[in-house]
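Subject: Structure for you to look at

Hello,

Here is the structure I promised to hand over. Please open it first, then read my notes beside it.

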Amino acid sequence: MQGTVATFDQTTRSGQLLTDEGVPMSFPAESLADHIRHLRLGQRVFVETDDDTGTITSISIWRDR
């Protein structure tokens, strides 16, 4: 899934994004990929969620395919 960063707290490294369907989702610092040091508002990200709970488990800026 993809989304757009709506908020990002540099101190806690957590925030909220909007999915392409317009659904707001909060994310914890633990979900950020190692290569992410900062997110800016409006930035597009790739998002993975837990199938059972729907919570965000991983956020990355790009993927190697």
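Below is what was found, from the whole chain down to single residues.

**Overall picture**

Please keep in mind that this is a predicted model. The protein chain has 0 helices and 5 strands. Read from the N terminus, its elements run β-β-β-β-β. The chain counts 65 residues, and a compact globule of that length would have a radius of gyration near 11 Å. The value for this chain is 11 Å, so it agrees with the globule rule. Along the principal axes, the C-alpha atoms fill a box of roughly 30 × 25 × 20 Å.

Some totals for the chain come next. Of the 65 residues, 29% count as buried. The exposed surface comes to about 4300 Å², and carbon and sulfur atoms supply 48% of that area. Take the contacts with a separation of 6 or more: 44% of them join residues 24 or more positions apart.

As background, strands of a sheet pair through backbone hydrogen bonds, either parallel or antiparallel.

Here are the pairings to look up:

- Strand 2 (residues 14-19) and strand 3 run antiparallel and are joined by 4 bridges. Glutamine 16 stands opposite serine 26 of strand 3.
- Strand 1 and strand 4 are joined by 3 bridges and also run antiparallel. Glycine 3 has valine 45 in strand 4 as its bridge partner.
- Strand 4 (residues 44-49) is joined to strand 5 by 4 bridges, again antiparallel. Threonine 49 stands opposite isoleucine 56 in strand 5. Valine 47 stands opposite isoleucine 59 in strand 5.

Strand 4 and strand 5 form a hairpin, with 6 residues between them. Look for glycine 54 in the turn, where phi is positive at about 80°.

**The nonpolar core**

Which residues touch the most other members of the largest nonpolar core? They are Leu17, Phe27, Leu32, Leu39, Val45, Ile56 and Ile59, out of 13 residues in that core. Strand 1 (2-9), strand 3, strand 4 and strand 5 each supply at least two of the core residues.

Valine 45 deserves a look of its own. Residues up to four places away in sequence aside, valine 45 touches Met1, Gln2, Gly3, Val5, Leu17, Leu39, Ile59 and Ser60. Gly3 in that list is also the bridge partner of valine 45.

*Serine 60.* Serine 60 sits in strand 5. Is it buried or exposed? Its relative accessibility is 10%, so serine 60 counts as buried; the cut-off for buried is under 20%. Apart from neighbours within four places in sequence, serine 60 is in contact with Ala33, His35, Ile36, Val45 and Phe46.

*Isoleucine 36.* This residue lies in the loop between strand 3 and strand 4. Isoleucine 36 has a relative accessibility of 2%, so it counts as buried too. With neighbours within four places in sequence left aside, isoleucine 36 is in contact with Arg13, Ile59, Ser60 and Ile61. Isoleucine 36 and isoleucine 59 are 23 residues apart in sequence. In space, their C-alpha atoms are 8.7 Å apart.

Arginine 13 has a relative accessible area of 26%, so it counts as partly exposed.

**Where to begin**

Then find the hairpin of strand 4 and strand 5. After that, go to valine 45 and its contacts with Leu17, Leu39 and Ile59, among others.

Best wishes

Terms used: Residues are numbered from 1 along each chain as its sequence is written. This is a predicted model: local features need pLDDT of at least 70, side-chain atom pairs count only at pLDDT 80 or more; totals for chains, interfaces and linings use all residues. Side-chain values use heavy atoms; hydrogens and water are left out. Two strands pair if DSSP finds at least two bridges between them. A nonpolar core is a set of buried Ala, Val, Leu, Ile, Met, Phe, Trp, Tyr and Cys residues joined through side-chain atoms within 4.5 Å. Buried means under 20% relative accessible area, exposed over 50%, partly exposed in between (1.4 Å probe, protein chains only). Contact means heavy atoms within 4.5 Å. The radius of gyration is taken over C-alpha atoms; the globule rule is 2.2 Å times the number of residues to the power 0.38. Accessible areas come from the Shrake-Rupley method with a 1.4 Å probe; for residues, only the protein chains shown count as cover.
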